[in-house]
Amino acid sequence: MTISCAIIDDEPLAAGLLESYARKTPYLQLVGTYNSAILAMKDLRDNPVQLLFLDIQMPELSGVEFAKILPKDTRVIFTTAFPQYAVEGYKVNALDYLLKPISYEDFLKSTDKALEWFSIIQRQDAYRRDRFMFVKTDYKLQRVNLDDILFIEGLKDYVRFYLKDGEKVMSLMSMKKLEEYLPRPEFLRTHRSYIVHMTETPLVDRFRIVFGENYIPVSENYKDDVQNYFDIHTLV
(Lines give C-alpha, C1' and ligand atoms only; values in the text may rest on other atoms or scores of the structure.)
Protein backbone atom coordinates (compact mmCIF):
# COMPACT_ATOMS: atom_id res chain seq x y z
CA MET A 1 0.00 0.00 0.00
CA THR A 2 1.22 3.52 -0.86
CA ILE A 3 0.15 6.60 1.11
CA SER A 4 0.23 10.03 -0.54
CA CYS A 5 1.54 12.70 1.81
CA ALA A 6 2.56 16.35 2.07
CA ILE A 7 4.53 18.47 4.55
CA ILE A 8 3.72 21.94 5.89
CA ASP A 9 6.34 23.57 8.13
CA ASP A 10 7.50 27.19 8.18
CA GLU A 11 11.00 26.16 9.36
CA PRO A 12 13.06 25.20 6.25
CA LEU A 13 15.38 22.90 8.19
CA ALA A 14 12.50 21.03 9.83
CA ALA A 15 10.64 20.77 6.51
CA GLY A 16 13.79 19.50 4.77
CA LEU A 17 14.37 16.86 7.44
CA LEU A 18 10.80 15.55 7.16
CA GLU A 19 11.10 15.56 3.37
CA SER A 20 14.24 13.40 3.55
CA TYR A 21 12.47 10.99 5.93
CA ALA A 22 9.42 10.74 3.67
CA ARG A 23 11.49 10.10 0.55
CA LYS A 24 13.29 7.13 2.10
CA THR A 25 10.14 5.54 3.52
CA PRO A 26 8.97 2.99 0.88
CA TYR A 27 5.23 3.28 1.43
CA LEU A 28 5.10 7.11 1.40
CA GLN A 29 4.61 9.10 -1.80
CA LEU A 30 5.57 12.72 -1.14
CA VAL A 31 3.38 15.08 -3.19
CA GLY A 32 4.64 18.43 -1.93
CA THR A 33 6.39 20.45 0.76
CA TYR A 34 5.07 23.88 1.80
CA ASN A 35 6.41 26.65 4.05
CA SER A 36 2.96 27.87 5.07
CA ALA A 37 -0.61 26.64 5.32
CA ILE A 38 -1.77 29.53 3.11
CA LEU A 39 0.49 28.37 0.26
CA ALA A 40 -0.69 24.78 0.65
CA MET A 41 -4.39 25.57 0.91
CA LYS A 42 -5.42 25.54 -2.74
CA ASP A 43 -3.27 22.54 -3.72
CA LEU A 44 -4.48 20.36 -0.85
CA ARG A 45 -8.12 21.29 -1.36
CA ASP A 46 -8.07 20.57 -5.08
CA ASN A 47 -5.77 17.53 -4.81
CA PRO A 48 -6.05 16.19 -1.26
CA VAL A 49 -3.43 13.85 0.15
CA GLN A 50 -4.08 10.97 2.49
CA LEU A 51 -1.57 12.04 5.14
CA LEU A 52 -0.31 15.50 6.13
CA PHE A 53 2.69 16.29 8.34
CA LEU A 54 1.58 19.60 9.78
CA ASP A 55 3.47 22.04 12.00
CA ILE A 56 1.22 23.42 14.73
CA GLN A 57 2.76 26.84 15.40
CA MET A 58 2.84 28.87 12.18
CA PRO A 59 2.11 32.52 11.31
CA GLU A 60 -1.14 33.56 9.58
CA LEU A 61 -2.84 30.19 10.00
CA SER A 62 -1.89 27.66 12.68
CA GLY A 63 -1.74 23.95 12.02
CA VAL A 64 -4.74 23.30 14.26
CA GLU A 65 -6.82 25.91 12.41
CA PHE A 66 -5.76 24.50 9.04
CA ALA A 67 -6.59 20.93 10.11
CA LYS A 68 -10.20 22.00 10.69
CA ILE A 69 -10.69 22.93 7.02
CA LEU A 70 -8.96 19.93 5.45
CA PRO A 71 -10.94 17.34 3.44
CA LYS A 72 -12.37 14.75 5.82
CA ASP A 73 -10.31 11.91 4.31
CA THR A 74 -6.96 13.62 4.99
CA ARG A 75 -5.37 12.47 8.24
CA VAL A 76 -2.85 14.56 10.13
CA ILE A 77 0.37 13.92 12.02
CA PHE A 78 1.23 17.13 13.86
CA THR A 79 4.82 18.26 14.31
CA THR A 80 5.72 20.65 17.12
CA ALA A 81 8.51 21.79 19.40
CA PHE A 82 6.01 22.28 22.23
CA PRO A 83 4.54 19.18 23.93
CA GLN A 84 1.65 21.18 25.42
CA TYR A 85 0.14 21.46 21.92
CA ALA A 86 -0.40 17.71 21.70
CA VAL A 87 -3.82 17.97 23.37
CA GLU A 88 -4.95 20.48 20.73
CA GLY A 89 -3.87 18.04 18.05
CA TYR A 90 -6.01 15.23 19.37
CA LYS A 91 -9.03 17.56 19.51
CA VAL A 92 -8.99 17.66 15.71
CA ASN A 93 -8.61 13.89 15.44
CA ALA A 94 -4.91 13.78 14.58
CA LEU A 95 -3.40 10.35 14.06
CA ASP A 96 -0.30 11.27 16.05
CA TYR A 97 2.09 14.08 16.89
CA LEU A 98 5.86 14.27 16.61
CA LEU A 99 7.95 16.32 19.02
CA LYS A 100 10.88 18.21 17.49
CA PRO A 101 13.72 17.44 17.01
CA ILE A 102 12.27 14.46 15.17
CA SER A 103 14.31 11.29 14.74
CA TYR A 104 13.70 8.89 11.87
CA GLU A 105 12.78 6.22 14.42
CA ASP A 106 9.96 8.37 15.81
CA PHE A 107 8.91 9.33 12.29
CA LEU A 108 8.62 5.65 11.35
CA LYS A 109 6.57 4.83 14.45
CA SER A 110 4.05 7.50 13.46
CA THR A 111 3.93 6.54 9.80
CA ASP A 112 3.57 2.86 10.70
CA LYS A 113 0.55 3.86 12.77
CA ALA A 114 -0.82 5.71 9.72
CA LEU A 115 -0.16 2.70 7.48
CA GLU A 116 -2.09 0.44 9.86
CA TRP A 117 -4.99 2.92 10.00
CA PHE A 118 -5.25 3.24 6.21
CA SER A 119 -4.97 -0.55 5.80
CA ILE A 120 -7.92 -1.03 8.14
CA ILE A 121 -9.96 1.58 6.25
CA GLN A 122 -9.10 -0.09 2.95
CA ARG A 123 -10.33 -3.45 4.23
CA GLN A 124 -13.46 -1.92 5.73
CA ASP A 125 -14.28 -0.31 2.39
CA ALA A 126 -13.74 -3.62 0.59
CA TYR A 127 -15.99 -5.50 3.02
CA ARG A 128 -18.73 -2.87 2.71
CA ARG A 129 -18.50 -2.91 -1.07
CA ASP A 130 -18.11 -6.65 -1.70
CA ARG A 131 -20.03 -7.93 1.34
CA PHE A 132 -17.77 -10.92 2.01
CA MET A 133 -14.43 -11.90 3.55
CA PHE A 134 -12.17 -14.93 3.42
CA VAL A 135 -11.17 -16.43 6.77
CA LYS A 136 -8.58 -19.10 7.52
CA THR A 137 -10.00 -22.45 8.59
CA ASP A 138 -7.35 -25.13 9.06
CA TYR A 139 -5.26 -24.86 5.85
CA LYS A 140 -8.03 -23.39 3.73
CA LEU A 141 -9.56 -19.99 3.05
CA GLN A 142 -13.33 -20.07 3.49
CA ARG A 143 -15.63 -17.38 2.17
CA VAL A 144 -18.00 -15.85 4.71
CA ASN A 145 -20.71 -13.52 3.40
CA LEU A 146 -21.41 -10.62 5.74
CA ASP A 147 -25.14 -10.96 5.10
CA ASP A 148 -25.03 -14.60 6.33
CA ILE A 149 -23.51 -13.77 9.75
CA LEU A 150 -25.79 -13.74 12.77
CA PHE A 151 -23.17 -13.27 15.47
CA ILE A 152 -19.55 -14.06 16.27
CA GLU A 153 -18.21 -15.65 19.43
CA GLY A 154 -14.68 -15.17 20.73
CA LEU A 155 -12.92 -18.26 22.09
CA LYS A 156 -9.42 -17.33 23.34
CA ASP A 157 -7.32 -17.13 20.15
CA TYR A 158 -10.19 -18.20 17.89
CA VAL A 159 -13.50 -16.81 16.72
CA ARG A 160 -16.59 -18.75 15.71
CA PHE A 161 -18.99 -17.37 13.09
CA TYR A 162 -22.63 -18.40 13.51
CA LEU A 163 -24.33 -18.30 10.10
CA LYS A 164 -27.98 -18.19 9.04
CA ASP A 165 -27.97 -21.70 7.61
CA GLY A 166 -26.79 -23.12 10.96
CA GLU A 167 -23.17 -23.54 9.87
CA LYS A 168 -20.44 -22.57 12.34
CA VAL A 169 -17.06 -21.47 11.01
CA MET A 170 -14.02 -21.42 13.30
CA SER A 171 -11.00 -19.26 12.49
CA LEU A 172 -7.76 -18.28 14.21
CA MET A 173 -7.95 -14.50 14.79
CA SER A 174 -8.61 -12.01 17.55
CA MET A 175 -11.95 -10.38 18.29
CA LYS A 176 -10.23 -7.00 18.43
CA LYS A 177 -8.87 -7.32 14.90
CA LEU A 178 -12.20 -8.57 13.57
CA GLU A 179 -14.06 -5.72 15.27
CA GLU A 180 -11.79 -3.18 13.56
CA TYR A 181 -12.57 -4.56 10.10
CA LEU A 182 -16.32 -5.13 10.31
CA PRO A 183 -18.54 -2.17 9.33
CA ARG A 184 -20.13 -0.26 12.18
CA PRO A 185 -22.83 0.09 13.42
CA GLU A 186 -24.05 -2.87 11.37
CA PHE A 187 -21.78 -5.05 13.51
CA LEU A 188 -21.37 -4.11 17.17
CA ARG A 189 -19.36 -5.60 20.00
CA THR A 190 -21.85 -6.36 22.76
CA HIS A 191 -19.54 -8.24 25.12
CA ARG A 192 -15.89 -9.23 25.43
CA SER A 193 -16.84 -12.52 23.76
CA TYR A 194 -19.49 -11.45 21.23
CA ILE A 195 -19.97 -9.34 18.10
CA VAL A 196 -23.55 -9.15 16.81
CA HIS A 197 -24.88 -8.46 13.32
CA MET A 198 -27.33 -5.83 14.51
CA THR A 199 -29.41 -5.67 11.33
CA GLU A 200 -30.18 -9.40 11.78
CA THR A 201 -31.30 -9.07 15.41
CA PRO A 202 -34.72 -10.78 15.70
CA LEU A 203 -35.48 -10.31 19.41
CA VAL A 204 -34.26 -8.50 22.51
CA ASP A 205 -35.23 -9.98 25.85
CA ARG A 206 -34.25 -8.05 29.00
CA PHE A 207 -31.36 -6.50 27.10
CA ARG A 208 -30.09 -9.81 25.84
CA ILE A 209 -30.04 -10.39 22.07
CA VAL A 210 -31.77 -13.63 21.16
CA PHE A 211 -30.95 -15.85 18.19
CA GLY A 212 -33.05 -19.00 18.68
CA GLU A 213 -31.61 -20.74 21.73
CA ASN A 214 -28.61 -18.38 21.90
CA TYR A 215 -28.87 -15.48 24.33
CA ILE A 216 -26.14 -12.91 23.66
CA PRO A 217 -25.29 -10.76 26.69
CA VAL A 218 -24.63 -7.02 26.60
CA SER A 219 -21.93 -6.04 29.06
CA GLU A 220 -21.53 -2.66 30.75
CA ASN A 221 -18.51 -1.72 28.62
CA TYR A 222 -20.52 -1.91 25.39
CA LYS A 223 -23.96 -0.99 26.70
CA ASP A 224 -24.05 2.63 25.45
CA ASP A 225 -23.38 1.79 21.78
CA VAL A 226 -25.91 -1.04 21.79
CA GLN A 227 -28.55 1.02 23.59
CA ASN A 228 -28.07 3.88 21.16
CA TYR A 229 -28.55 1.50 18.22
CA PHE A 230 -31.79 0.15 19.66
CA ASP A 231 -33.05 3.64 20.57
CA ILE A 232 -32.59 4.82 16.98
CA HIS A 233 -34.38 1.76 15.59
CA THR A 234 -37.23 1.56 18.11
CA LEU A 235 -40.70 2.87 17.29
CA VAL A 236 -42.37 4.31 20.38
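**View 1. D205 is partly exposed, with a relative accessible area of 21%, and its side chain meets that of R206 in a salt bridge.** The model is predicted, so that local features are given only at pLDDT of at least 70 and side-chain atom pairs only at pLDDT 80 or more, whereas totals for chains, interfaces and linings use all residues. Residues are numbered from 1 along each chain as its sequence is written, and side-chain values use heavy atoms, with hydrogens and water left out. In the pair shown, N and O are 3.1 Å apart, where a salt bridge is a side-chain nitrogen of Lys or Arg within 4 Å of a carboxyl oxygen of Asp or Glu. R206 is exposed at 72% relative accessibility; buried means under 20% relative accessible area, exposed over 50%, and partly exposed in between, with a 1.4 Å probe and protein chains only. R206 lies in the loop between β13 and β14 and, although not a glycine, has a positive phi of about 50°. Helices (H or I, at least four residues) and strands (E, at least two) are DSSP runs numbered from the N terminus.

**View 2. Three strands form an open sheet in the order β13-β14-β15, with antiparallel pairing.** The edge strands, each of which pairs on one side only, are β13 (203–205) and β15 (214–216). Neighbouring strands of the sheet are turned against each other by 35° on average, direction ignored; axes are lines fitted to C-alpha atoms, for helices over the stretch in contact, and angles run from 0 to 180 degrees between N-to-C directions. Strand β14 (residues 208–211) is joined to β15 by three bridges, strands being counted as paired if DSSP finds at least two bridges between them. Within this pairing, I209 stands opposite I216 of β15.

**View 3. Two hairpins, one of β8 and β9 and one of β9 and β10, are shown together.** Strand β8 (residues 149–155) pairs with strand β9 (residues 158–163) in the antiparallel sense over six bridges, and I149 stands opposite L163 in β9. This hairpin has two residues between its strands, and K156 takes a positive phi near 55° there. Strands β9 and β10 are likewise antiparallel, here over five bridges, with V159 opposite S171 in β10. Four residues separate β9 from β10, and G166 in that turn has a positive phi of about 95°. R160, partly exposed at 23% relative accessibility, forms a salt bridge with E153, the closest N and O atoms being 3.4 Å apart, while E153 is buried at 14%.

**View 4. Y158, M170 and L172 form a nonpolar patch on the surface.** Together these residues have about 290 Å² of accessible area, computed by the Shrake-Rupley method with a 1.4 Å probe, where for residues only the protein chains shown count as cover. Patches are made of residues with over 30% relative accessible area and no salt bridge, like charges being joined within 9 Å and nonpolar side chains (Val, Leu, Ile, Met, Phe, Trp, Tyr) within 5 Å. L172 belongs to strand β10 (residues 168–172) and is exposed, with a relative accessible area of 54%.

**View 5. A salt bridge between E179 and R189 brings the closest N and O atoms to 2.9 Å.** Because E179 lies in helix α6 and R189 in strand β11, the pair ties together parts that are ten residues apart in sequence. E179 is partly exposed at 23% relative accessibility, whereas R189 is buried at 10%. T190, which also lies in strand β11, is buried at 0% relative accessibility, and a polar atom of its side chain lies 3.1 Å from the backbone oxygen of P217.

**View 6. Two cis peptide bonds, from K100 to P101 and from R184 to P185, are shown with R131, a residue of positive phi.** Omega is near -5° for the bond from K100 to P101, and P101 is placed in the loop between β5 (96–99) and α5 (104–130). K100 is also linked with D9, E11 and D55 in a network of salt bridges. For the bond from R184 to P185, omega is about 0°, and P185 is found in the loop between α6 (175–181) and β11 (187–191). R131 has a phi of about 65° although it is not a glycine; this residue lies in the loop between α5 and β6 (132–137) and is partly exposed at 22% relative accessibility. Most residues other than glycine have a negative phi, and most peptide bonds are trans.

Note on methods
A polar contact is a pair of N or O atoms within 3.5 Å; within protein, one must be able to donate a hydrogen and the other to accept it, and residues adjacent in sequence count only if both atoms are side-chain atoms.
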